[in-house]
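Some labels used for protein models rest on cut-offs.

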Amino acid sequence: MAGNRDEASRSTEDLALSVQGVAKTFRSQSGAEVAALAGLDVTAQRGEFLVLIGPTGCGKTTLLNILAGLEQPDDGEIHFAARLNRRNRVGYVFQHYTLLPWRTLLANVAFGLEMQGVARSERNETARGLLAQVGLSDSENAFPHEASGGMRQRAAIAQALAVSPDILLMDEPFGALDDATRKELQGLLVGLCRGSGTTVLFVTHNIDEAVVMADRILVFSPRPGRIVGEFPVRLPRPRDTLSDGFTELFVRVREVLHCPQPGRQQPDPGKHVRPSD
């Protein structure tokens with residue numbers, strides 16, 4: 001019993017974020033109410049890479065927007081750990097590039113620090129270091145229109161990390177990239193975030209990407225979004241996508257993700273579900 005209490009205490013101490021009973025309803029252009037989230041519960045630990053996966057329109061992006069303060073929930077509670085630095089608490093990398101077109105990649109990465117009043121020499125030093133880490137040392141003076149999609153997304157990641165966020169929100173950041181670039185940036189992002197202790201909430205529709213990157217996968221139901229599956233990922237890094245363990249977890253996530261809602265008992269996410277013949 002004492003061991004369980006110690007484990008629970010450590011878990012509470014390491015908690016970065018708690019979402020309890022969050023609900024959000026929007027009004028469509030026709031005037032109808034559309035429930036995006038209903039009774040959503042999510043927790044994230046410090047330094048955890050949490051992947052959110054679910055069907056289109058299930059409220060994943062709505063959750064990120066609420067956590068970023070861009071939307072307000074209609075019901076429920078959100079708690080950030082008291083130890084988090086409120087000034088640098090949340091960073092956001094959007095699905096579409098948000099770099100300022102009139103600023104160089106260096107100036108874009110340094111933008112958040114500039115807004116915080118950091119001296120030019122210090123912010124440029126930080127920005128150059130991050131550009132080096134994402135492989136853009138030779139492109140600091142390029143403008144976004146002169147960079148490829150992969151380069152722009154590398155710069156966006158560096159920009160988000162420049163202010164040392166406690167929590168990093170990422171909304172399908174690799175969805176528009178080719179497969180080779182996507183795989184390269186997956187490994188790069190995991191390495192950067194694990195080294196910094198940043199907690200990541202990463203939205204994707206790609207099961208393979210979820211299993212490659214996550215410490216834990218949360219599967220959303222169709223709208224209104226709730227959590228219908230939770231999968232700790234204990235596979236060693238870097239992940240071997242051809243291994244039996246990877247394939248088994250992929251199938252388990254897929255079965256829960258595509259389980260009809262409601263009216264059918266969902267597969268037990270703790271057990272291996274074999275694909276049908």
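Q: Why is Cys58 called buried?
A: In this predicted model, Cys58 has a relative accessible area of 1%. Buried means under 20%, so Cys58 counts as buried.

Q: What makes Cys193 buried?
A: The value for Cys193 is a relative accessible area of 2%. The cut-off is under 20%, therefore Cys193 is classed as buried.

Q: How many disulfides does the structure hold?
A: It holds zero disulfides.

Q: What makes helix α2 mostly covered?
A: Helix α2 spans residues 60-67, and seven of its eight residues are buried. They are Lys60, Thr62, Leu63, Leu64, Asn65, Ile66 and Leu67. Buried means under 20% relative accessible area, so each of these residues falls under that value. After α2 comes Gly69, with a positive phi near 85°.

Q: What share of the chain counts as buried?
A: Of its 277 residues, 46% count as buried. The chain has nine helices and nine strands.

Q: Which residues touch the most other members of the largest nonpolar core?
A: They are Leu189, Phe202 and Ile217, in a core of 52 residues. Helix α6 (residues 149-162) contributes the most to this core, with seven residues. A second, separate core has 22 residues, including Val22, Ala44, Ile167 and Val203. Members of a core are buried and joined through side-chain atoms within 4.5 Å.

Q: Which residues does Phe202 touch, leaving aside those up to four places away in sequence?
A: Among them are Phe49, Leu50, Val51, Leu52, Met170 and Leu189. Contact means heavy atoms within 4.5 Å, so Phe202 has a heavy atom within 4.5 Å of one in each of these residues.

Q: What is the volume of the second largest pocket, and which residues are closest to its centre?
A: The volume is about 270 Å³. Of the 14 lining residues, Lys183, Gln186, Gly187, Val212 and Arg239 are the closest to the centre.

Q: Which helix gives the largest share of the lining of the second largest pocket?
A: That is α7, with six residues. Both α7 (179-196) and α8 (207-213) supply at least two residues of the lining.

Q: How many residues in the lining of the second largest pocket are charged?
A: Seven are charged, along with four polar and three nonpolar residues. Asp, Glu, Lys and Arg count as charged, so Lys183 and Arg239 belong to that class.

How values were computed
Residues are numbered from 1 along each chain as its sequence is written. This is a predicted model: local features need pLDDT of at least 70, side-chain atom pairs count only at pLDDT 80 or more; totals for chains, interfaces and linings use all residues. Side-chain values use heavy atoms; hydrogens and water are left out. Buried means under 20% relative accessible area, exposed over 50%, partly exposed in between (1.4 Å probe, protein chains only). Helices (H or I, at least four residues) and strands (E, at least two) are DSSP runs, numbered from the N terminus. A disulfide is a pair of cysteine sulfur atoms within 2.5 Å. On a 1 Å grid over the protein atoms alone, a cavity is a set of points where a 1.4 Å probe fits but cannot get out, and a pocket is an open set with protein on both sides within 12 Å along at least five of seven lines; lining residues have an atom within 4 Å of a point. Grid points are joined across faces, edges and corners, and a volume is the space filled by probe spheres set on the points.
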